[in-house]
Structures are given as C-alpha cells and as structure tokens.
Amino acid sequence: MAKDKPYYPLAPIASISTLAKTLGVVPKLLVDIASNVSTSYTSFDIESKKGKVRTVYDPKYELKRLQKRINSRIFEKVEFPPYLQGGIKDVNSPRDYVENCKLHVGSSFLISLDIKNFYDNIKVSSVFDIFKYFFKFPDDVCEILTSLVTLNGHVPQGACTSSYVANLVFHNSEYKLVSNFRDRGLTYSRLLDDVTVSSSTLISQEATTEIIRAVAAIFRKHDLRLNSKKTKVERSDDLGADFKVTGLWVSHGQPKLKKDERRYIRQLVYVCEKDYKANPCSEKYHELWNRVSGKVAILTRLKHVEARKLRARLGCVLPLYDDDAKAKICFESKKLLRRHPSTHSKVGVMTAYHKIIHSLGILTRTDRVLARSLRRQLRARYSTLPLKSDIWE
C-alpha cells in the first residue's frame, strides 16, 4: 500500500526562518505577505461553454513568486502515486488528461464522478492538516504556508499551488481506497475533481452503488460532496454511451476521439480555409485559427492518422497581419527598444518582450525583412534577459 501513498522524501522544515530561507525571502517579508493575502489577488469571472460563471484569482507579483517557490521547493519534491493525474509536474511520469485516460483504455465498465465545487469547499483546516500531518511541519510553519495558499477560507482557483493542495487533500485516506479497489480488479484515478473507476468486466448495480458510496465517504471526511448531476455509469456494449474519460474515448487500446468529433475538426479546418480567402488578417480569423490548431494538436497527440494532413492544410492558411497591425508591432517594438536595461527583468516587460517576439514571427509571413530586423535589434537589446523561471523560482 505504501506505493499508493504520496511521499515526501525530505526532512521537515523546522522553523519560519528555515521556511523563509527555503523560499528565498527574509522572514519579515514572508510574514508580511502571509498577513496580507486578502489584498494580494486580482479576481475576474470566466464563463464556461455551458454558461456557468466561475471566479478565478490571479495572485499579485510577490505572492505569486512565493507560491511558485512553494511549488518548486516543496510540492514538486513529493512523489505522487500514478492514480493522481492532474496539475502535477513530473518529468519521469507525465500527468494530464491523456495519461489519465490511458489508465482506463480497453475497460468494459466506467464510473465517472465529480467533486462538487471542489476548490471552494476545501477547508482551511484540511490545508493546514496537509502541512502538519503529511509534511510534518511545526504549527507555526503550517500556519504561514496555509495562509499563502488559501484565500478567505478556501483554496483559490488560479493560484498555482491549488492543484497540489487538491492532490494532497486526501493523502491519508485515498490510498487505502485505491488499494482496496485494485484487489477487486478496479482501476481508480483522479484528475483534480474528476474521479474515474473502471473495470475490465461488467459490474452489478449493487456493486456499483457500493463503489460510489466508498468514494463519496472519502470526500465526506473533508465536507466535500459528489455532484450527482455529473455521476455517470457506462458500459462498453452500450452503443449510446459516450464511454469517455476526461473527454477521450476509451473503448480501444489507445485513447481516441470519436468519428463525429474528428469530422467536426475536419469541418473546422475547412472553415479556416474558407475564411482565409475572405480575410486572413482579422482578429476573428486569428482566434479561429488558434482554436482549430489546438484541436488538431489533440489529434496529433492521440496519433490519429489524419492529424498530419490537417496540420499541413492549416499551414497553408496561416493568419497574417494587415498594415494597421504591422504599424502597431513596429510601435511596440520601438517602445521596448527604448526601455532602460534596469527595467528588463520586470515581469511585465519580459511578458511584453516575448509577446512581441511571437508577433514578429507572424509578421515574417508578409514582411520578412522588417520582422527579422526588429527581432535582431530586440534580441541584441535584451541579450541578458533572464528566463521567467529564473524570476519566479
């Protein structure tokens, strides 16, 4: 069972001064930021495709820097078991929705569950317990860290630490459930708030109910509930079932997109070709092309045979810039060239630099000489520009 449990291989951080040293700040600044977290976010609303609005919180610079260091210097040191698949940086064992899906390919029976309002309902006490009982940190260190990764009594969506908190919130109970399921021939995985349980054989209604109750019981310990509207039970011989895990079809030996989804992507590529003839420079066309390119990238990732051909077709209808956009790029480039070197390491300047370099790449499609000249000047001017990772981590 030990291999199913998240594991922190380092010695506990024993004091606030050691925590400050670990995070690369002086203790007073660490305490000050932790004491003023409520004013350290910018919030904005995002509307989903189904019309549901959720609030996302973007940490301001000082807090974001600390959170990124909490990730790289504490959370990313944890060895996570393979059933945890979301929001984990792991070079040796990559985690994402495709890898999550691969755990369930070829199964005959699927149970899909969703934790209702997951982040908003993770209690501050549960976060404190992660640092106290999983990492074994003393209380004063736990209090500082809990303050840095929570906001107004909950875990904020948008903070880079939130996915790690979500992965560790069930650290002392989830692994037992996983081991029990494995002994019964069941495969369990969780991609943040999406839970999947699969079986290579069909399962009775009674057993299905018992499995769902067992999963729900783990969540209830933290006052979390299943979203009953999103609970799905499917079998592979039901032709009307989606039979998907995190958006991908799992009936075959590899994750796939269904025929109608592939047909839709082909149609989108055709729309790009058509709209390109009308106006390849419009902002609307740039947005369309980027969206369709992302969908073709999914086909490539899943090794669908038509991916290469569709990518080639998109390559023939690349977005372009008109004279107005060209003038704006020239203006922004010259503004960057006038900036004093002392400002180059500011995050906003770095972001503007990388954005304009990207725009110059697009400009080469219509004015190669100008684009290369501006790019050469910018790269010479910003030759000592640090990497973003150097700033944050």
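The questions and answers below walk through one predicted model.

This is a predicted model, in which local features need pLDDT of at least 70, side-chain atom pairs count only at pLDDT 80 or more, and totals for chains, interfaces and linings use all residues. Residues are numbered from 1 along each chain as its sequence is written, and side-chain values use heavy atoms, with hydrogens and water left out.

User: How many helices and strands are there in the protein chain?
Analyst: Helices (H or I, at least four residues) and strands (E, at least two) are DSSP runs, numbered from the N terminus. The C-alpha trace of the protein chain spans about 70 × 60 × 35 Å along its principal axes. The chain holds 16 helices and eight strands.

User: What percentage of the residues of the protein chain count as buried?
Analyst: Buried means under 20% relative accessible area, exposed over 50%, and partly exposed in between (1.4 Å probe, protein chains only). The protein chain has 393 residues. The buried share is 45%.

User: Which residues of helix α2 are exposed on the face turned away from its buried side?
Analyst: Start with the buried residues of α2 (residues 27–35), which are Leu30, Ile33 and Ala34. They lie on the same side of α2 because they cover an arc of only 100 degrees around the axis; the arc is that of the directions from the helix axis to the C-beta atoms. The face turned away from this buried side carries Lys28 and Ser35.

User: Which helices do the buried residues of α2 pack against?
Analyst: Packing here is judged by contact, meaning heavy atoms within 4.5 Å. By that rule, the buried residues of α2 pack against α1 (16–23), α3 (61–73) and α6 (139–149).

User: Is α2 parallel or oblique to α6?
Analyst: Axes are lines fitted to C-alpha atoms, for helices over the stretch in contact, and angles run from 0 to 180 degrees between N-to-C directions. Angles under 35 degrees count as roughly parallel, over 145 as roughly antiparallel, 65 to 115 as roughly perpendicular and the rest as oblique. The α2 and α6 axes are 8 Å apart, at an angle of about 50 degrees. That makes α2, relative to α6, oblique.

User: Which residues of α6 make the contact with α2?
Analyst: The crossing of α2 and α6 is left-handed (the near helix is turned anticlockwise from the far one by less than a right angle; clockwise would be right-handed). From α2, the contact uses Leu30, Val31, Ile33 and Ala34. From α6, it uses Ile144, Ser147 and Leu148.

User: How far apart are the closest N and O atoms of Asp32 and Lys28?
Analyst: A salt bridge is a side-chain nitrogen of Lys or Arg within 4 Å of a carboxyl oxygen of Asp or Glu. Asp32 and Lys28 both lie in α2, four residues apart, about one turn of the helix. Asp32 is partly exposed at 31% relative accessible area, while Lys28 is exposed at 58%. Their closest N and O atoms are apart by 2.8 Å.

User: How many residues apart in sequence are the parts tied together by Glu306 and Arg266?
Analyst: Glu306 forms a salt bridge with Arg266, with closest N and O atoms 3.5 Å apart. Glu306 lies in the loop between α11 (283–301) and α12 (307–315), and Arg266 in helix α10 (residues 259–278), so the pair ties together parts separated in sequence by 40 residues.

User: Which residues are linked in a network of salt bridges?
Analyst: The model has 19 salt bridges by the rule above. One of them joins Lys64 and Asp58, at 3.1 Å from N to O. The network links Asp96, Glu99, Lys102 and Arg301.

User: Are α11 and α12 roughly parallel or antiparallel to each other?
Analyst: α11 and α12 pack with their axes 9 Å apart, at about 160 degrees. Residues in the contact include Trp289 and Val292 in α11 and Leu310 and Leu314 in α12. By their angle, α11 and α12 are therefore roughly antiparallel.

User: Which residues is His171 in contact with, leaving aside its neighbours within four places in sequence?
Analyst: His171 lies in the loop between α7 (162–168) and α8. His171 counts as buried, at 9% relative accessibility. Its contacts beyond those neighbours are Lys5, Pro6, Asp129, Ile130, Tyr133 and Phe134.
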